[in-house]
Structures are given as C-alpha cells and as structure tokens.
Amino acid sequence: MSVSIIADNVTVDFPIYSTPHRSLKKSLLKIATGGRISSDAGGAVVVRALDGISFELKEGDRLGLTGHNGSGKSTLLRVLAGVYEPTGGSLSVQGRIASLLDISIGMDHEASGLENIFLRGILLGLSKSDIQKKTEEIINFSGLGDFIDLPVRTYSSGMTMRLAFSIATSVEADILLMDEWLSVGDADFVKKAEDRLKALVNKTPILVMASHSPEILKEVCSRVMRLEKGKICLEGG
Ligand SMILES: Nc1ncnc2c1ncn2[C@@H]1O[C@H](COP(=O)(O)OP(=O)(O)OP(=O)(O)O)[C@@H](O)[C@H]1O
C-alpha cells in the first residue's frame, strides 16, 4: 500500500467548559492570534483550532507548517498523529507514523535509562525483539555511558533529552511528524543529533514539520502551508 495522507475539510473544535462566555466576549475583539472562539448550540465556549483544512500528501512530500502562535500547527500535527480526532471532515492516513512531538513524554523518571528505552520503545509501537536490536545503538548514540543504568531522575535535563532524542529517532516509519526542527544537548551532541535527524528525514517517505524558521522550512521542506486562525491562508512550493 502506498504511503499517503488525505485531509478533507478537517476541523477541530475544543469545547471549553466552565468559562464565562459573556465576560470573554468583550476581550475577544482584541485577540490577534489563536483559533476562533465561538459558542456551541448549548452556549458553551468553543475554540475552533482547525477550520476546514484540506490537503493531500504522497511519497516524497515534505510539508512545512508555519503561522502565528495559536494558528493551529500543533493541533494539525496531533490530528495526524491520532492524538485528536477531527470533529469535522475526514482524514485518511496510510503508513506507519513516527511522532517526534513531545519526545520525552511517557519517560518514567524513577526507572533507569535502559528501562526507559524499553518503555518508550513499546509506546512507539516496537516489538521487544526490535527494541533489543536497537538498544545498544541507542545507548551509544546517547553518550550516557554508565548513567544508562541509573534512574532518569538523576539525569540533567540535557541528559534526559539526549536519551529521549536517541530513542525517538531510532524508529523507522513512513510518515514523520515534527514540531520544530529538534535540537538537543550540548554543542557536540547538537551536531551529531542534526546529522541523525537529517538521515532520518531523508529516508522517511513523508515529512510534516511545523516551524517558525523560514530558513529551516526552506532547507527541509518541498512545500509550505501557512495557517491563520485554523485555516490555510497561503500555500507554496
Ligand atoms: N487542548 C486545548 N484546549 C483548548 N484549546 C486548545 C487546545 N489546544 C490548542 N487549543 C487552541 O487551538 C488553537 C491552535 O493552537 P495550536 O497549539 O495548534 O497552535 P500553534 O500554531 O501550534 O501555536 P504555537 O506556534 O504557539 O505552538 C489556539 O487558539 C489554542 O488556544
């Protein structure tokens, strides 16, 4: 089966409970960023984070998402990752997804680095034998040495990110989702992480990446979509 994403009129509404709509309304006029705030039939406040998004991606496509804070980039990535269901429209995703969104979520800080490789591996959909095959390479890449047997709570934040990055980028997939180009660790690690990420991106058939950097979008993406208040406001190659 070929790898593809077809989004047809995808809409995502977040109902916000226990918010006084009346008092909100007055301040809304001043809002320059974020999704559109309205109310549903019952009068509850609703944020429309995505509003009728349609596009198609096939093998070889590298889509960059850009737009102001709150324009809907992360929501779109999360919909593609299956974290959110569209509340309107339809989405068809063919292919295995690797999500580099929130790479350290799910890390157990009481467990050792090694145990976390297994835990995260399982969460990323790998089998036990797949994880075993990758473990040594992940440990070597992370550069954590003997720390790999200590609990993650004893790591510095940079060490934790090294481990999370090494695990997340060890997964091969058909579709790669990224919220900003990942850059982690100290100067030495940043360089080798950059090379690893580029290699992963190059071998993955479809990339969808959000970024605020025009330089990165130009370098990495073949197509850029600008979002504004949850809608596509500009598209270009
Ligand atoms: N869980 C949520 N509950 C309610 N509203 C949400 C939720 N997540 C996002 N939103 C709203 O959806 C809109 C789009 O948010 P989103 O995080 O997708 O923007 P973004 O383009 O990724 O922004 P940024 O550049 O700041 O990361 C915003 O108005 C935000 O307030």
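Mentor: Two residues are in contact if their C-beta atoms, placed from the backbone, lie within 7 Å. This is a predicted model, in which local features need pLDDT of at least 70 and side-chain atom pairs count only at pLDDT 80 or more, while totals for chains, interfaces and linings use all residues. Residues are numbered from 1 along each chain as its sequence is written.

Trainee: With which residues is G64 in contact, leaving aside its neighbours within four places in sequence?

Mentor: Once those neighbours are left aside, G64 is in contact with M209, S211, L217, V220, C221, R223 and V224. G64 itself is found in strand 4, residues 62–66, where helices (H or I, at least four residues) and strands (E, at least two) are DSSP runs, numbered from the N terminus.

Trainee: Is G64 buried or exposed?

Mentor: A residue is called buried if 20 or more other C-beta atoms lie within 10 Å of its own, exposed if 12 or fewer, and partly exposed in between, with C-beta atoms placed from the backbone. G64 has 25 other C-beta atoms within 10 Å, and is therefore buried.

Trainee: How should I read helix 5, and what covers its buried residues?

Mentor: The expected span of a helix is 1.5 Å times one less than its number of residues. Helix 5 (residues 157–168) has 12 residues and reaches 16 Å from its first C-alpha to its last, close to the 16 Å expected. Of its 12 residues, 10 are buried, so helix 5 is largely enclosed by the rest of the structure. What covers those buried residues includes helix 3 (113–123), helix 4 (128–142) and helix 6 (187–203).

Trainee: Which residues have the most contacts inside the largest nonpolar core?

Mentor: In soluble globular proteins, nonpolar side chains tend to be buried together. A nonpolar core is a set of buried Ala, Val, Leu, Ile, Met, Phe, Trp, Tyr and Cys residues joined through C-beta atoms within 7 Å. The largest one here has 54 residues, and those with the most contacts inside it are L65, L100, F165, L176, L177 and V208. Helix 5 gives the largest share of this core, 7 residues. Not counting residues up to four places away in sequence, L177 touches L77, L80, A81, I97, S99, L100, L101 and V208.

Trainee: What is the mean pLDDT of the protein chain?

Mentor: Where pLDDT is low, the predicted coordinates should not be read in detail. This value is the predictor's confidence in each residue, from 0 to 100. The protein chain has a mean pLDDT of 90, and 92% of its residues reach 70 or more.
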